[in-house]
Amino acid sequence: MDQQTNHEPAIEAQNLFKQNFQLSAAEHLQQQNIDTQQHVLTGLQQMTLPNSQQSETSSSSAVSMVSTPNESPRLGSRISASHQRLPSLSSLAPNLGSYNSTSQVPQASLTPRQYRISDVDINQALKRHQSETNTLNQFRNPWFNQKSNPRLAPINTHLGCDDNYSPLLMQTPVKGAPQGLPTTYESSTFQDASQIIPPLRINAPLPQDTYNQNAQFGPGEFYRRQSVAANYFSNHEQVPKSALPMYAKGFETLGELQRPHSPAPRFHRIQSLSDLRPVTNAKPKYRRASSSTTFVSPLKALTTSISVTYSMCRPEFDYKSSKNPRRVLTKPSHPKSNNGNDNEDNDYILYVNDILGTEENRKYMVLDLLGQGTFGQVVKCQNLKTQEIVAVKVVKSTPVYLNQSLTEASILEHLNSKIDPHDKHHFLRLQDKFMHKNHLCLVFELLSSNLYDLIRQNQFNGLTIKLIRKFSVQLLDALAVLKDAKLIHCDLKPENISLVSLDRPDLKVIDFGSACHERQIFYTYIQSRFYRSPEVLLGLSYSSSVDMWSFGCIVAELFLGLPLFPGSSEYNQLYRIIQMMGMPPTWMIDMGKNSMNFMNKIELPNGKHTYQLKSMEQYSKENNVKETPGKEYFKQRYLEDIIMNYQLPKKNMTQQMIDKEMMNRKCLSHFLHGILNLNPLERWTPHEAILHPFITEQPFDGFWNPPSKTIGLPSGSGSTSSLDTVRRQRSKSFGNI
Ligand SMILES: Nc1ncnc2c1ncn2[C@@H]1O[C@H](COP(=O)(O)OP(=O)(O)OP(=O)(O)O)[C@@H](O)[C@H]1O
């Protein structure tokens with residue numbers, strides 16, 4: 001017998017399980033002493049297995065889907081049957097935590113029914129098996145589809161995008177697109193692509209390579225199984241008796257477990273009024289009371305109520321969450337300073353369930369880490385008095401970060417109370433601030449994913465133009481309010497723009513840690529590199545127009561899924577900008593403090609002068625660095641060409657749809673050229689940009705100028721529609737490098 005010779009507990013467990021379901025009815029009736037508890041355990045184990053292991057039991061999956069109205073459709077009859085003998089569960093208690101290895105049982109004498117496999121046996125065997133076959137790492141949730149995913153579905157369905165195609169999943173992956181490209185401040189190491197496990201796309205083929213090729217059900221089967229389960233789950237209370245599954249003659253009286261092969265449920269004609277009445281069990285069958293005498297389902301008894309179940313089985317079992325090991329959230333977690341509270345980076349070492357704050361109304365229990373930045377860590381917390389869930393930024397303990405974060409707090413307080421008291425202009429709300437063990441803690445409203453997370457979830461494919469428009473309107477509104485208040489954010493990037501929740505496309509601007517007033521500019525080195533404006537790179541004084549530059553880069557990134565100017569150094573950043581957008585005006589280079597680091601001055605015969613970007617070799621030699629051109633992510637050189645040639649959002653688009661898409665792209669390109677103007681004095685302001693046809697959705701014929709500006713270009717250039725020509729002229733000198 002296979003099972004007798006096979007010493008692998010996992011396989012043996014599966015065979016045992018399979019065999020028991022394949023026994024004849026008569027045999028089943030004789031086998032009353034089958035330990036059904038093993039089936040519960042095996043069933044639960046199977047549910048957590050990758051498909052490769054599940055396929056072994058697929059023949060019995062029909063059984064599992066047929067359940068009595070009061071049972072979970074997923075666990076189905078295996079669980080129901082087990083509870084006919086629930087008293088035997090108490091015998092499980094002494095075994096909990098013990099390990100009965102196969103070596104402890106004389107192998108020769110084993111038969112599938114004599115061999116008792118403890119839960120630990122199975123777990124360990126599975127772990128071993130998984131690590132051997134290395135399938136666990138590749139495992140992707142087969143139940144995932146975009147519509148049912150609570151994190152993504154709302155964006156798809158409610159973010160107000162075209163119903164025909166999902167905004168998040170609109171593009172097929174860019175060939176050779178980098179996975180996990182960093183967009184953070186001065187980060188030079190790219191993320192490990194293998195760490196990104198993108199969500200499955202609804203219409204994408206299932207990754208067959210991660211599933212057992214011998215499985216008896218194909219990809220469609222997953223969805224069929226899922227929808228059956230889902231429908232059943234929502235309707236099961238009202239299923240008329242006659243609609244319950246029919247069994248082959250002779251098997252009607254058998255228990256659920258003992259039915260050899262349960263056929264799929266069939267529909268039945270309503271024969272009497274009683275068929276229409278809801279069927280409810282006053283005292284549900286197969287359920288057991290918890291210690292509080294309420295009924296719990298078997299599923300709950302073995303999952304959320306597992307500690308109650310254990311204590312019922314074994315009264316001396318006493319679970320206390322305080323005995324749980326504390327999960328550390330901060331890395332590195334080795335204490336270095338501040339009486340052992342801080343690590344080497346001056347970050348407070350945070351643990352789950354830590355309490356931040358000491359005052360009665362200001363106690364926050366740490367739940368999870370939301371993000372980590374230059375200034376400190378942002379953690380999800382619960383206010384112990386109000387139970388409200390909030391985000392708390394725990395700032396590093398050094399005075400530099402403390403002072404800068406106090407500025408962040410005062411700017412946010414000003415914005416929240418004076419500028420935007422009714423919370424209409426998309427700024428993060430600051431609720432409270434306090435000190436905890438030398439760390440400033442800023443309590444914010446809790447937001448959801450940031451835009452970088454969103455792009456990453458979309459496998460670095462662009463979002464739809466409709467969604468980009470919705471985001472742009474809100475950002476321009478926030479930037480217009482900031483400009484009127486003479487405030488500069490100074491660090492606008494996808495990471496610093498967060499969705500309020502995943503069910504609607506509402507945004508908030510966060511992280512005012514670098515923000516300043518236009519009249520109090522302290523720093524010349526601002527903005528994250530990819531989003532850094534030409535005036536800051538060249539070392540000119542700046543104004544709120546630097547935020548508009550970052551905004552332009554963000555909009556382009558939302559469309560392309562990749563940063564427009566992913567510079568690997570300051571030089572490379574300028575190189576990329578000039579290569580795509582042309583040379584900055586001479587006056588900017590004349591005035592920039594850093595200009596001569598990057599440019600060569602060329603005297604012209606007419607007494608005037610011009611500039612040329614230094615070659616990589618010259619710059620490397622002069623600065624003792626090794627500059628490289630960096631990876632090119634787009635085939636085309638110019639922005640307009642990149643946008644117009646970017647992959648279409650969806651396959652099989654009609655010519656009419658393609659024409660519309662191309663018109664929208666022309667409009668987007670025109671919009672971006674006005675915002676990504678190298679000259680900050682000509683760059684469109686938020687008030688101007690918000691009137692552009694890309695935002696207003698008015699018909700766009702290729703020509704548009706902001707009403708407040710006669711023209712957003714050097715005199716004589718005509719209209720903004722000729723931006724491309726001007727840009728090409730400007731970049732002539734760049735071509736020589
Ligand atoms: N209110 C919030 N709700 C949810 N998540 C948040 C909130 N505030 C911040 N985060 C998350 O924490 C991350 C870091 O926050 P923040 O940018 O404020 O920190 P920082 O130290 O100033 O970072 P940076 O390095 O960009 O300056 C954000 O990218 C965001 O994902």
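**Ground rules.** I am working with a predicted model, where local features need pLDDT of at least 70, side-chain atom pairs count only at pLDDT 80 or more, and totals for chains, interfaces and linings use all residues. Residues are numbered from 1 along each chain as its sequence is written, and side-chain values use heavy atoms, with hydrogens and water left out.

**Ligand shell.** I looked for residues near the ligand (a heavy atom within 4 Å) and found 21 of them, the closest being Thr-374, Phe-375, Glu-445, Leu-447 and Asp-511. Strands β4 (364-372), β5 (376-383), β6 (389-395) and β8 (439-445) each supply at least two shell residues; strands here are DSSP E runs of at least two residues, and helices H or I runs of at least four.

Why does the ligand lie between domain 2 (338-445) and domain 3 (454-566 + 576-588 + 635-708)? Both domains give residues to the shell, so that is where the ligand sits. The bounds come from an automatic or database assignment.

**Polar atoms.** I then checked N or O pairs within 3.5 Å. Ligand oxygen atoms lie 3.0 Å from a polar side-chain atom of Lys-393, 3.4 Å from one of Lys-493 and 3.0 Å from one of Asp-511. The protein covers 92% of the 620 Å² of accessible area that the ligand has on its own (Shrake-Rupley, 1.4 Å probe).

**Helix α17.** I noted that 16 of the 16 residues of α17 are buried (under 20% relative accessible area, 1.4 Å probe, protein chains only). Gly-561 follows α17 and has a positive phi, near 80°.

Conventions. Polar contact = N/O pair within 3.5 Å; in protein donor to acceptor, adjacent residues only side chain to side chain. Buried < 20%, exposed > 50% of the residue type's maximum accessible area, 1.4 Å probe, protein only.
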